[in-house]
Amino acid sequence: MKNYLQLNLSLLYWVFIAPFKGQFFKLSPIIRQMVFIGVRAVPMVALTALTIGITLAMQSARSLQQLGAEIYVPNLVTVALLREMGPVLIAVIVIGRSGSAVAAELGTMKVSEEIEALEVMAINPVRFLIVPRFLAMLVMLPALIILGNYVGIFGGWLVCWLALDFNVAGFILGALESSDLWDLYSGVVKSVVFAWLVITIACNAGMHVEGGAEGVGQATTKSVVHGLLAMLVSNALLTVLFFFGR
Amino acid sequence: MNTTADQPVIEVADLYRTFGKRAVINHLSLEIYRGETLVIMGGSGCGKSTLLRHIIGVMKPTSGSIKIFGEETTAMNERELTGIRRRFGMLFQSGALLASLTVGENVALPLIEHTKLTPDEIEQVVKDKLEIVGLKGFERMKPAEISGGMKKRVGLARALALDPELLFSDEPTSGLDPIMTAVVDRLTLDLTRKRGMTAVVVTHDMTSAFRIATRMIMLGRGSIIAQGTPDEIRNCDNPEVQQFINGEADGPVPLNISQDEDHPHIAPRPLVTARGRFHNKTP
Ligand SMILES: Nc1ncnc2c1ncn2[C@@H]1O[C@H](COP(=O)(O)OP(=O)(O)OP(=O)(O)O)[C@@H](O)[C@H]1O
Ligand SMILES: [Mg+2]
């Protein structure tokens, strides 16, 4: 825990203070990490979001049909996706895919003395290794979640169109009517918080590996388990803050 | 900051470090002067790498003091250490190349980070440094694609990239063939004699040790058993030293460093624990 707070502090220093002292971060490693963390996750995220959209629509259609209110399916799908399902499930995918990979990569570097070598070359490992991953995650997770929202809504529309005889305009109207901009924003705010938690937990686990390959394995598991827990708890807290307190 | 000729470049005083209860470095003191090539010898596991790690500041001692270029490093924070670290190079026992970068990028890394050279100039320096370690034209390979001895030499090229005043090498010649060993030794000699670099070299290779050393230290059980010029060491009448430099199996050096006294709860009945671990699922 102490390590984790220290990591966050030095991260804040390198992201927000060092650039004003003339130590800018380089763009190319950030872009490389964005491709790795974000772009390569697109197919998985799209598939996840599509299946969620479809299942949400099917389940809500069944329940709403009993009330004769299928007309509200788009509303339900959109709100559920934007507010909760999109951010949470896509964060799960990114934790499993990118968080674990970051922890394993940094852990391997730690046990093969690479991080020590960086320190000895007077290169700060936080600046060199963690800042690019952090910034990449902070941009890419929200981007993935916005993409996921669209794909999920498309999945909902597929169900409505094929099974419930909605026309396109009807679906879009329903979707727009039910959701205000705040639904989208709250999802994006959540995703930024998730991104912060996921990447700092993964980096912290990787940087503090002890022992050899076994330690790397443990750190990878830890990054996933702690990342998921932190993400779900913060999601609950943010939901209270955004939708219950108002 | 200024070090005169008679002031030691490195001053280690009463260094003490324990892992658990075991003292790996036991009240060790030594001084290293400008232009010297100090060779540190000693059996495997006697604490040579650990000593280097303390001197370069990646490990902190339990007690004792370390001064580099006249400045106390044990109490320094990362930012203060940075200034000193730019002035020395270190070759790790494992090479410690960054696996995600190519050989050329590894050597270029300190130059990119700490100098204002243009990309063309950096490329030229990288080429030169790789050439002096006999690796011309390997810039584009990844560390995973080259042999162990080649990794060592890339690590050496990287350590030399900034033309350091002080070089630490942890077994620079292990894994090298005799010819490459001679090349690396000559490089060390050139740098110390012509450029006034100070070198601290850990090695098990006695031929190489006697070729480059101006002074030698033999470590055992965490402290210095013997030290002196190569001639003094060769003629030293300490039986442990004689056994070591002549490479004899029988002699006073203990073969196994026993941990029993320190970890009584780990040592007994290892086979029983192993059986419990691997066979508990059999019916
Ligand atoms: N991080 C650590 N935690 C616990 N014990 C350690 C650690 N690092 C080193 N040791 C112990 O310190 C002792 C000295 O290790 P060191 O790596 O310095 O040996 P060495 O002299 O370099 O050996 P070799 O010649 O094989 O490289 C070993 O017995 C090792 O068990
Ligand atoms: Mg060693």
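The entries below cover a sheet, one of its strands, a cavity and a metal site.

**Ground rules.** I am working with a predicted model, where local features need pLDDT of at least 70 and side-chain atom pairs count only at pLDDT 80 or more, while totals for chains, interfaces and linings use all residues. Residues are numbered from 1 along each chain as written, chains are lettered from A and ligands numbered from 1 in written order, and side-chain values use heavy atoms, with hydrogens and water left out.

**The sheet.** I looked up the strand order in chain B and found an open sheet of 6 strands, β6-β7-β8-β3-β9-β10, with mixed pairing. Strands here are DSSP runs of E of at least two residues, helices are runs of H or I of at least four, and both are numbered from the N terminus. Two strands pair if DSSP finds at least two bridges between them. β6 and β10 (223-228) of chain B are at the edges with a single partner strand each, so one side of each has no neighbour in the sheet. I noted that β6(B) runs parallel to β7(B) (residues 166-170) over 4 bridges, with Gly89(B) opposite Leu167(B).

**Strand β3(B).** Is this strand buried or exposed? I found 6 of the 6 residues (37-42) buried, so the rest of the structure largely encloses β3(B). Buried means under 20% relative accessible area, exposed over 50%, and partly exposed in between, with a 1.4 Å probe and protein chains only. Thr37(B), Val39(B) and Met41(B) point one way, and Leu38(B), Ile40(B) and Gly42(B) the other. β3(B) runs parallel to β8(B) (198-202) through 4 bridges, where Ile40(B) partners Val202(B). Another 5 bridges join β3(B) to β9(B) (215-220), also parallel, and there Gly42(B) partners Leu219(B).

**The cavity lining.** For the largest cavity, I checked which elements supply at least two lining residues each: α5 (114-120) of chain A, and β6 (88-91) and α5 (148-159) of chain B. β6(B) gives the largest share, 3 residues.

**The magnesium ion.** I then looked at ligand 2, which Ser49(B) (OG) and Gln93(B) (OE1) coordinate at 1.9 to 2.2 Å. Ser49(B) lies in helix α1 (48-55) of chain B and Gln93(B) in the loop between β6 and α3 (103-114), so the pair ties together parts 44 residues apart in sequence. Donors are N, O and S atoms within 2.8 Å of the metal (3.2 Å for Na, K and Ca), and water is not among the atoms, so sites may look incomplete. Gln93(B) is partly exposed, at 35% relative accessible area.
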